Amino acid sequence: MDQIRNAINNIYKEGKFSDEKQAKTFQRVQPKKRLFFTPLLLTVFVTGCLLIGLNMLLSQHNFESNFQYSSTTSIEIFPEYSGKVKDYRVLKQPWMVAGMVGIIISFFFALFALKKKWLWRVLLSVIIIIAILGNMSERIGYRYYVKDDADILNTLQSGVFAIGNAEDAQLYDTITINQYRFSYFSTNVIRGIVFFKHDGRGYALDFGFLGTEDLMSSIHVPDIRHIFIPLLEGHSIEKLMIQINTKRTEVVVDSNRAQLVAVPYETEVSSSEITIQAYDHEGNVLDLYKPSDIFTYPVN
Amino acid sequence: MKEQKDARLLKAMTDNGDYLVRLCYTYVQDWVIAEDLVQETFVKFYEKMEQFREEASVKTYLYRIAINNCHSHLASWRYKKLQVIESWSKLMGESVDPENNVLANESDALLVAAIEKLPTKYKDVLLLFHFAELSLKEVSETLKMPENTVKTRLRRARKMVGLTLVEEGFEYGSDT
């Protein structure tokens, strides 16, 4: 007999393929009753739960899509709501959708890996799922609803805008017209106008227009056919003259406090057709706003 | 039909089971894992049993699958993790298998120890040729390499085993 074979058989003589192992081998090669429907049903069930949960999450905060705005219907009722809620609309963005698809794929791969006892891959999948979920949850912010001036100040002070020391924020004026609410405010270093838009539940923070210059842009809102003109504290303006095409509108300013003047108009007009002039108490004409200084909202 | 397959499996396990376990052990150094790998080998054999009409081809197939299973195991995370743990234990001054100490005094044990230390590619040819008693042609088919390469590796493997043994004070492994 070959010496190597002899040596291995001699040294490894206790190494035997045991009867027990043989019996187990026979058990393994026996055809198993395969339950074709169990994994299929499980997959359908889990996918259904995920989709239903996702749909509930999104539809709960998605009044915007089925709410009909109208600037002409004055009898429209706009309910008020106060506080902040999670804003899940961000989940509709392409990268968030990609993230959710990634989570679903990783989840099913983790189940598959678990079945195959690939524990390292299960761990890796779980880490990937946690990482994506963590990243997504960080991007889900809050939606701020305001009902009164206190709510507006609280919203400004909650840090939604980089406005320096928010504790100094001072609210000058708030105007609500139909589905829009505009608040004019300032701090020591900045002044701005925050835009709230009704989403079916309440007036939710939508946009912020901030500036450090003394002269602020006026806001044109074609939806509700209004122009909003911010005036600074201590201004000397007595009268505003708004020229829209050939039609001229005069607005008397009754005090020199900081305020937001709302000027309605009737026919459709673009921002380039609007000229705003201001008159001081001596009758001097100030070209307060040129068409290029007018900001149109909502931004397309 | 099924009874025939079962009978062939039983015969294959009876004829080759023990040898395959020993073969696998030289790679993985763990009896439980060696038995598991051999079980996998027989399961694969059962699934493809229809392909084999001659017993000689069965033996070649079983050894090839067993060696492939060993290679897969050696490349697996599980094995590498165990290696790290073992290295750590050695570093910390733990170890030593008393059984190996006793066996180390025997000539066969020295030979087997030398074989265990061989690099895998040399161990493959040496074990298939000497332990499985396959011909050069069968070894070359099993490992899917030219016969000349098998001869070269076999020669080197023998030399390495011999050199190893000389280093340990035991003369064996000449190429004659």
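**A tour of the A–B interface and one buried arginine**

Begin with both chains shown together: in this predicted model, the area buried between chain B and chain A (the accessible area, with a 1.4 Å probe, that two parts lose on being put together, summed over both) is about 3,200 Å², and carbon and sulfur atoms give 61% of it. Next select Arg22(B), Glu35(B) and Gln39(B), which supply 18% of the area that chain B buries against chain A, more than any other three residues.

Local features need pLDDT of at least 70 and side-chain atom pairs count only at pLDDT 80 or more, whereas totals for chains, interfaces and linings use all residues. Residues are numbered from 1 along each chain as its sequence is written, chains are lettered from A in the order in which they are written, and side-chain values use heavy atoms, with hydrogens and water left out.

Now select Lys21(A) and Asp36(B), which form a salt bridge (a side-chain nitrogen of Lys or Arg within 4 Å of a carboxyl oxygen of Asp or Glu) whose closest N and O atoms are 2.5 Å apart; between the two chains the count is 4 salt bridges.

A polar atom of the Arg181(A) side chain lies 3.0 Å from the backbone oxygen of Val146(A).

Technical notes
Polar contact = N/O pair within 3.5 Å; in protein donor to acceptor, adjacent residues only side chain to side chain.
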